[in-house]
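I open this notebook to record what I looked up in one structure.

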Amino acid sequence: MKTSLHRILTKDNLELVGLLYEPEEKTSKILVHVHGMAGNFYENRFLDALAKTLTDNGIAFFAFNNRGCESLKYLTKTLPGGKKEYVRAGNSYEKFEDSLLDIQGAIDAVSLWGFNDIHLSGHSLGSPKVSYYLSQTQDKRVASLILLSPSDMLGLVRDEKETFERDINEARTLVKAGKGEELLSHEIWDECPLSANTYLSLFGDDSPVAIFNFFDPNFKLPVLGTITQPIFVTMGREDDCLTVSIEETMERITKASTQSSHVETKILGDANHGYIGFEDDLAQTVLTWIQKT
């Protein structure tokens, strides 16, 4: 396995960093991976297993940091004339809609590197991001979509009704006062500090992140109905981000994906949200999917 660090540039000139894993022999097939909320391209151990299993079988793997990397991150931006400046980013300040630019930047990059059989995966919040990307761009360069532990972010927050009302009211008040970049008084789930702008981007009434809104039994997951690529979904029974049963989750995703040429789901035993202890099982499952797609 060969590894190389790469810096990619988005259309709004932000510099993102990622790691490319390649098999020893040249290949046209690659999996591009989008991390979850406040994540990065190296922390989850299942990424190690994916890199090894895929490259051992002739498939490249590219995992990269998007602008929602970690809680607070300063990214380099190129200004007109070539001047550089640091831009405050990270999960605390990201806007969900900007994920389009990050994913497009990654796919543009691997295409330039010579890969033309591109598969796209997202973990946790990365799942709504990759789904949103395909629904908005209809990018035909993507051969298939892989959803790892797709999360109902909106349902998880709104399930705690009093906390949700407190936080969304504070976010609205701050934005109205022109203070949208201020952090809310309370961290989301006691671990994620978010600015008022970011909170409304992720959890507001018209938030595009509500792609996997299982919490609402009448929500039809319309974004999935716009995706034509084959879709693979996997998660485990011990996933603490489930808002309905895992069976209902899989059934609703399958039913909603009306335009996809093929939908397949797999319950990965008692795996948790991060696949701890199931890293090799996950890697083998993803490999099997890519090989037959």
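**Basis.** I work from a predicted model, in which local features need pLDDT of at least 70 and side-chain atom pairs count only at pLDDT 80 or more, while totals for chains, interfaces and linings use all residues. Residues are numbered from 1 along each chain as its sequence is written, and side-chain values use heavy atoms, with hydrogens and water left out.

**Aromatic pairs.** I searched the whole structure and found 10 aromatic pairs. Rings of Phe, Tyr and Trp (its six-membered ring) pair if their centres lie within 6.5 Å; planes under 30 degrees apart are stacked, over 60 edge-to-face, and the rest tilted. I looked at the pair of phenylalanine 41 and tyrosine 42, which is edge-to-face, with 5.2 Å centre to centre and 85° between the planes. For exposure I use relative accessible area: buried is under 20%, exposed over 50%, and partly exposed in between (1.4 Å probe, protein chains only). Phenylalanine 41 is buried at 12%, whereas tyrosine 42 is partly exposed at 45%.

Phenylalanine 62 and tryptophan 113 form another edge-to-face pair, with 5.2 Å between centres and 90° between planes. This pair links distant parts of the chain, 51 residues apart: phenylalanine 62 is in strand β4 (residues 60–64), and tryptophan 113 is in the loop between α2 (99–112) and β7 (117–123). Here helices (H or I, at least four residues) and strands (E, at least two) are DSSP runs, numbered from the N terminus. Phenylalanine 62 is buried, with a relative accessible area of 0%, and tryptophan 113 is partly exposed, at 28%. I also noted that ring pairs join Phe62, Phe64 and Trp113 into a cluster.

**A charge over a ring.** I found arginine 88 over the face of tyrosine 93, at 4.0 Å from the ring centre. The criterion is NZ of Lys or CZ of Arg within 6 Å of the ring centre and within 35 degrees of the ring normal.

**Helix α3.** Which span should the 12 residues of α3 have, at 1.5 Å a residue? The expected span is 1.5 Å times one less than the number of residues. For α3 (residues 126–137) that gives 16 Å, and the end C-alpha atoms are 16 Å apart, which agrees. The helix is mostly covered, with 10 of its 12 residues buried; among them are Val130, Tyr132, Tyr133 and Leu134. The buried residues of α3 pack against β3 (29–34), α2, β7 and β8 (142–148). Just after α3, glutamine 138 has a positive phi of about 50°.

**Helix α6.** I counted 6 of the 8 residues of α6 (residues 196–203) as buried, so this helix is largely enclosed by the rest of the structure. Its buried residues include Ala196, Tyr199 and Phe203, and what covers them includes α4 and α5 (161–176). I then turned to threonine 198, which lies in α6 and is buried, with a relative accessible area of 0%. Contact means heavy atoms within 4.5 Å. Leaving out residues up to four places away in sequence, threonine 198 touches Asn91, Ser92, Tyr93 and Glu94.

**Phenylalanine 215.** This residue lies in the loop between α6 and β9 (231–235) and is partly exposed, with a relative accessible area of 39%. Its C-alpha atom is separated by 7.9 Å from that of leucine 154, 61 residues apart along the chain. Not counting residues up to four places away in sequence, phenylalanine 215 touches Asp152, Gly155, Arg158, Asp159 and Thr243.

Most residues other than glycine have a negative phi. Serine 149 is found in the loop between β8 and α4 and is buried, with a relative accessible area of 0%.
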